[in-house]
Amino acid sequence: MRKNIIAGNWKMNTTLQEGLALAKGLNEALKDKTPKCDVIVGTPFTHLACVADAIDTGKIGIAAQNCADHEKGAYTGEVSAAMVASTGAKYVILGHSERRQYYGETAEILKTKVNLALANGLTPIFCIGEVLEEREAGKHFDVVDEQIKGSLFDLSAEDFSKIVIAYEPVWAIGTGKTATADQAQEIHAHIRQTIAGKYEQTIADNCSILYGGSMNAGNAKELVAKPDVDGGLIGGASLSVENFLPIIEAF
Ligand code: PEP
């Protein structure tokens, strides 16, 4: 069954204390509510275990924002998928454009990370999306197809069915510029079609495809009303309960 999901990506924001307060605040705000979507917070590595202890993880899932492309061993400073899973996190955001752009994450590296995440029981939230020049050149459909094929299409149907996709046009991330709901619908439908071309239609139909890029309380309703937009990956607006809650309530 396709799930509706609203996931926050805190990026490199909040100290441990600030992050804990944010997570507890969200937990409190949702205490007496039954959201019509799965709610996830993507915290820095340092916060994962404490946040898992502090909130109702039955109501709010926890995501890491990355994991290593090696299983274990002499990789100073890296955090493995097994370590992430051991904190209580159930998700890992992979392939975010900031990781691709600033840390040289290639399709091949991401393929390894996806495999390690799955092997450790984590659900990858796999980010794809084109830069402005690619959109202006009309190449955005090809770009997302290549990103999916390059990192995900060696997966078995069973493993692919565990993936969540986040379409995040790079030109909309942190810019205040959102794709229109029609633009999001158009490319989400295309992504679903690409998945159906490789796997079965039911696998494509059951895949949650989130939109990311300056999603906020003002535009969330219109975006998630589209049939192929199954939720959002939210950066800036996930950093306060006041801004994040109305997005959750957009469903
Ligand atoms: C993101 O980084 O995943 C994102 C969507 O950021 P923002 O909502 O701030 O554009």
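Q: What makes strand 5 and strand 6 a pair?
A: Strand 5 (residues 123–128) and strand 6 run parallel and are joined by four bridges. Two strands pair if DSSP finds at least two bridges between them, so strands 5 and 6 are paired. Strands here are DSSP runs marked E of at least two residues, numbered from the N terminus. Within this pairing, F126 has I165 of strand 6 as its bridge partner.

The model is predicted: local features need pLDDT of at least 70, side-chain atom pairs count only at pLDDT 80 or more, and totals for chains, interfaces and linings use all residues. Residues are numbered from 1 along each chain as its sequence is written, and side-chain values use heavy atoms, with hydrogens and water left out.

Q: How do you know that strand 6 also pairs with strand 7?
A: Three bridges link strand 6 to strand 7 (residues 209–212) in the parallel sense, and the definition asks for at least two. In this pairing, Y167 stands opposite Y211 of strand 7.

Q: Why are both faces of strand 6 called covered?
A: On one side of strand 6 (residues 164–167) lie V164 and A166, on the other I165 and Y167, and all of these are buried. Buried means under 20% relative accessible area, exposed means over 50%, and partly exposed lies in between (1.4 Å probe, protein chains only).

Q: Why is the contact between D38 and K3 called a salt bridge?
A: The side chains of D38 and K3 meet at 3.7 Å, N to O. A salt bridge requires a side-chain nitrogen of Lys or Arg within 4 Å of a carboxyl oxygen of Asp or Glu, so the pair qualifies. D38 lies in strand 2 (residues 38–42) and K3 in the segment before strand 1 (5–9), so the bridge ties together parts that are 35 residues apart in sequence.

Q: What makes D159 and K162 a salt bridge?
A: The closest N and O atoms of D159 and K162 are 3.1 Å apart, which meets the distance limit. D159 is partly exposed at 24%, and K162 is partly exposed at 38%. Elsewhere, salt bridges that share partners join R2, R192, D228 and D230 into one network.

Q: How many salt bridges does a search of the whole structure find?
A: The search finds 14; among them is the one between K31 and E28, at 3.0 Å, N to O.
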